[in-house]
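Work through the exercises below with the sequence and the structure in view. Try each task before reading its solution.

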Amino acid sequence: MITPTKGIAPDRCLLAVGAQVLLQLDEPRSVSQAWARLKAWRIEHGHYAPVSFGWFVLALDALYSMGAVELRRDVLVLRSTDASTLER
């Protein structure tokens, strides 16, 4: 489920969908905006395998657990990847 398997196509695994979500967060967006942009992006790039809203939320959960995104004032934002901002 997190990585591709015999039953889950590479473009539908949570890591791939999470990466696709990150591409949509070039600026802070609401969850609804990120979902709409992800659906449009997948069609534009030929990823026709269906991704449900539930699967999108699981990808967000995975991104959050990895520290890649957070929700601030009901808006999804990328977390800084600058090493100088990490706590030791």
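The model is predicted, so local features need pLDDT of at least 70 and side-chain atom pairs count only at pLDDT 80 or more, while totals for chains, interfaces and linings use all residues. Residues are numbered from 1 along each chain as its sequence is written, and side-chain values use heavy atoms, with hydrogens and water left out.

**Exercise 1. Layout**

State how many helices and strands the protein has, and give their order.

Solution. Helices (H or I, at least four residues) and strands (E, at least two) are DSSP runs, numbered from the N terminus. The protein has three helices and two strands. From the N terminus on, their order is α-α-α-β-β. Next, take burial: buried means under 20% relative accessible area, exposed over 50%, and partly exposed in between (1.4 Å probe, protein chains only). Of the 88 residues, 32% count as buried.

**Exercise 2. Helix 1 and helix 3**

Describe how helix 1 and helix 3 cross, and list the residues that meet.

Solution. Axes are lines fitted to C-alpha atoms, for helices over the stretch in contact, and angles run from 0 to 180 degrees between N-to-C directions. The two axes come within 9 Å and cross at roughly 85 degrees. Angles under 35 degrees count as roughly parallel, over 145 as roughly antiparallel, 65 to 115 as roughly perpendicular and the rest as oblique. Helix 1 and helix 3 are therefore roughly perpendicular to each other. Contact means heavy atoms within 4.5 Å. On the helix 1 side, Leu14, Val17, Gly18, Val21 and Leu22 meet Trp55, Phe56, Leu58, Ala59, Leu60 and Leu63 of helix 3. By class, this contact has 10 nonpolar, one polar and no charged residues; Ala, Val, Leu, Ile, Met, Phe, Trp, Tyr, Cys and Pro count as nonpolar, Asp, Glu, Lys and Arg as charged, and the others, Gly among them, as polar.

**Exercise 3. Helix 2 and helix 3**

Solution. Val31, Ala34, Trp35 and Leu38 of helix 2 meet Phe53, Phe56 and Leu60 of helix 3. The contact has seven nonpolar, no polar and no charged residues.

**Exercise 4. The core**

Find the residues with the most contacts inside the largest nonpolar core.

Solution. A nonpolar core is a set of buried Ala, Val, Leu, Ile, Met, Phe, Trp, Tyr and Cys residues joined through side-chain atoms within 4.5 Å. The largest one has 18 residues, and Val17, Val21, Leu25, Leu38, Trp55 and Phe56 have the most contacts inside it. Helix 1, helix 2 and helix 3 each supply at least two residues, and the largest share, five residues, comes from helix 3. Now follow one member: valine 21 touches Leu38, Phe56, Leu60 and Leu63, not counting residues up to four places away in sequence.

**Exercise 5. Before helix 1**

Are isoleucine 8 and aspartate 11 buried or exposed?

Solution. Isoleucine 8 is found in the segment before helix 1, and at 14% relative accessibility it counts as buried. Aspartate 11 lies in the segment before helix 1 (14–24) and is buried, with a relative accessible area of 17%. Leaving out residues up to four places away in sequence, aspartate 11 touches Ala16, Val17, Gln20, Arg42, His47, Tyr48 and Ala49.
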